[in-house]
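Q: I am new to this structure. Please show me how to read its features, one at a time.

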Amino acid sequence: MSQSYHAIYQKWQNDPLGFWADAAEAIDWYKQWDTILDESEAPIYRWFSGAEVNSCYNALDRHVANGRSQQLALIYDSPVTNTVQTFTYAELLDQVARFAGVLQQHDVQKGDRVIVYMPMVPEAVIAMLACARIGAIHSVVFGGFAAKELATRIDDAKPKLIISASCGIEINRVIEYKPLLDQAIELAAHKPQTCVILQRPQAQASLVNGRDVDWQAAMQQAQPADCVPVAATDPLYILYTSGTTGVPKGVVRDNGGHLVALHWSMKYIYGVQPGDVFWAASDVGWVVGHSYIVYAPLFYGCTTILYEGKPVGTPDPGAFWRVISDHQVNVLFTAPTAFRAIKRDDPNATYLEPYDLSHFRTLFLAGERCDPATLQWAEEKLNVPVIDHWWQTETGWPICANLMGLEQLPIKPGSATVPVPGYDVRILDVYEEEAKAGDIGSIVIKLPLPPGCLPTLWHNDAGYKQTYLSNFPGYYSTADAGFKDEDGYLWIMSRTDDIINVAGHRLSTGAMEEVLAAHPDVAECAVIGVADELKGEIPLGTIVLKAGVSRPHDEIIKELVQMVREKIGPVASFKIATVVERLPKTRSGKVLRGTMKKIADGEAYRMPATIDNPAILEEIAHDLAELGYPHQKDA
Ligand code: COA
Ligand code: AMP
């Protein structure tokens, strides 16, 4: 009989260090730890101090040594190029060891940073694992980000080498990556020594003499490199994520804690067995891609799927069912927006009919709030449990879930279920007291965070403490708000900062405001996230023009849309804005973004007592109505 959630959670509460020491038995270490939890620099904590390990060894070499060499490690399925390519564990190891040799040949050593700016191709996975193999720290930048965003990350991470490709493919549009890379390097103050470029047949990139190296040519001459032992506390990667300003935060992931937590999560949260086929339909540029396309499935000896396509349009809303059926997928993890897109295009799931989904056991959703209608639609059509679970780039693995490796708890659509062992989740009110069941408050996690979560920000301990630890001393602040119900279930309702979730992508409205404010005609602006039936949320700009500007508003808005595409990237989906006379503000000058959002979403709002000009809200409501907000929801 499966174990009960409550018994396992209690076991962790009774002896947290013993709990993680037991979990760490599943990992191959070169050297045991001296201390399970090093508190000497609290509130910065380190897991498994003194231990030595290698993440690539645990992802590949040990499985080859232990009988999985001929099992598939990676299936690359790319409807946009009509390709399916498979790699056994032995084949993937060979490629990774060779590419690690290429990195060493170009002087990349343990601790050096390497930026990976790649589309969803196997070489992206090979590059990440090759870095891990030699102790280099990778930083993957999502392909939908513009040159300026890439430049900011280059300047923060200071990579010795950058790996990129000639292009990505968006449905049937070829997006050239190389011009973006060249522009980013030009913009950045830091210059990498070398760029390794994968030439794809859809576009040929021109290489810069003396700096750029062709991937294929380099691989042909490469000598395989061995694993380099690193400290468990050494960084495995840096992943930049949106913060409250235009400057992204470099979330650091260590090697040891990450290995232990991710390995544990596969069995207990995702309920998989070694040898199962696990598909995270995300992108390697996001945390879901890092944890559940690349690392966790390989740590656990599963077959992972790398899908270069979309839920709809490549070629139709049956794309996910085809992949599940063709590769006998057991578990799928994606964002609710993917299912909203499928549901929109094929409400009766007729595209499902030809496919055999008999191996499929569970669907996991995360990345944004999952509306109950979408969850229930997926449950009904797929006839498997649909599990909403909650986590963040910072934590790297789920904070709350219905743990499918244990006894399944009843599903309450709209709730991310219960805290995972390792996380002591509390709801605090404005007085920093615990809120009563049902009352909304700030969601915080009692320190220390479990293994796998960020120990700090890249070269910025002070920023880490300031952003996450200063608001509620003794706790990590998630910047999410929500409540616990009488059964201890968590309901994640909204962010408490300016982050919005657009199609499961995390974006900062503050960063968009910085771009808009740079337009010569803009005096002031505010960007809010408004409800969108497909993407969950989309950004909407409210703009105040400088006195005397008489150009047509449409023209200015077009320029603003283009600026956000160029400075942040198309992924921001910034497409709508309205010009207003003034922004609504409190008497102390704070822009009432929350109130504008409520108006746009058609929610009841209270006139703030401190508003300096109440009439302005009516004008804004009128302008938003002209843009079609609030949307009339389908009955
Ligand atoms: N490289 C370059 N451009 C990219 C890109 C990439 N890797 N990824 C997205 N873009 C572009 C898109 O082409 C689009 O450009 P456009 O404005 O010119 O059309 C824009 O960025 C927005 O992309 P996207 O968010 O993907 O929206 P979409 O309208 O093209 O598709 C969905 C909508 C719902 C189908 C899509 O968002 C999706 O598949 N979401 C799945 C969720 C997901 O993977 N989340 C990750 C976290 S788990
Ligand atoms: P990211 O760092 O991109 O993974 O985004 C993390 C944020 O996405 C969280 O802080 C939440 O605001 C939101 N989020 C992720 N998963 C969920 C979920 N299951 N329910 C509600 N919000 C979620």
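A: Start with the labels. Helices (H or I, at least four residues) and strands (E, at least two) are DSSP runs, numbered from the N terminus. Take P448: its place is in the loop between β24 (441–446) and α14 (461–469). Keep in mind that this is a predicted model.

Q: Which peptide bond joins L447 and P448, cis or trans?

A: The general idea comes first. Most residues other than glycine have a negative phi, and most peptide bonds are trans. Here L447 and P448 are joined by a cis bond, with omega about 0°. The bond from A42 to P43 is cis too, its omega near 10°. P43 sits in the loop between β1 (35–41) and β2 (44–49).

Q: Which residues of α6 are buried?

A: Recall the helix geometry. An α-helix has 3.6 residues a turn, so residues three or four places apart point the same way. In α6, the buried residues are A147, E149, L150, A151, R153, I154 and A157. Their cover includes the strands β6 (113–117), β8 (161–165) and β14 (235–241), along with the helices α7 (178–187) and α16 (553–567).

Q: Where is the largest nonpolar core, and which residues have the most contacts inside it?

A: The general rule is simple. In soluble globular proteins, nonpolar side chains tend to be buried together. The largest core here has 131 residues. Those with the most contacts inside it are F48, F99, L129, I163, W264, Y292 and W397. Helix α5 (residues 122–134) supplies the largest share of this core, 10 residues. A second, separate core has 68 residues, including I238, I500, V561 and V580.

Q: What does L129 touch?

A: Residues up to four places away in sequence are not counted. L129 then touches C56, A59, L60, L92, V96, V294, Y295 and L298.

Q: How many residues of domain 1 are in contact with domain 2?

A: The domain assignment gives domain 1 as 5–309 + 389–482 and domain 2 as 503–626. Their centres, taken over C-alpha atoms, are 33 Å apart. Contact involves 19 residues of domain 1 and 14 residues of domain 2. The area buried between the two domains is about 1100 Å², with carbon and sulfur atoms giving 50%.

Q: How many salt bridges are counted between domain 1 and domain 2?

A: The count is 1. The side chains of R506 and E394 form a salt bridge, 2.9 Å from N to O. Between the domains there are also 5 residue pairs in polar contact. On the side of domain 1 that touches domain 2, helix α6 (residues 147–157) gives the most, with 3 residues.

Q: Why does Q392 count as buried?

A: The cut-off for buried is under 20% relative accessible area. Q392 has 4% relative accessibility, so it counts as buried. Q392 lies in the loop between β20 (386–388) and β21 (400–401). Leaving aside neighbours within four places in sequence, Q392 is in contact with V287, I399, Y476, T478, D480, R495 and R506. With D480, the side chain of Q392 makes a polar contact of 3.4 Å.

Technical notes:
Residues numbered from 1 in each chain as written. Chains lettered and ligands numbered in written order. Predicted model: local features only at pLDDT ≥ 70, side-chain atom pairs only at ≥ 80, totals over all residues. Heavy atoms only, no water. Core = buried A, V, L, I, M, F, W, Y, C linked by side-chain atoms within 4.5 Å. Buried < 20%, exposed > 50% of the residue type's maximum accessible area, 1.4 Å probe, protein only. Contact = heavy atoms within 4.5 Å. Domains from an automatic or database assignment. Buried area = accessible area lost by both parts, 1.4 Å probe. Salt bridge = Lys/Arg side-chain N within 4 Å of Asp/Glu carboxyl O. Polar contact = N/O pair within 3.5 Å; in protein donor to acceptor, adjacent residues only side chain to side chain.
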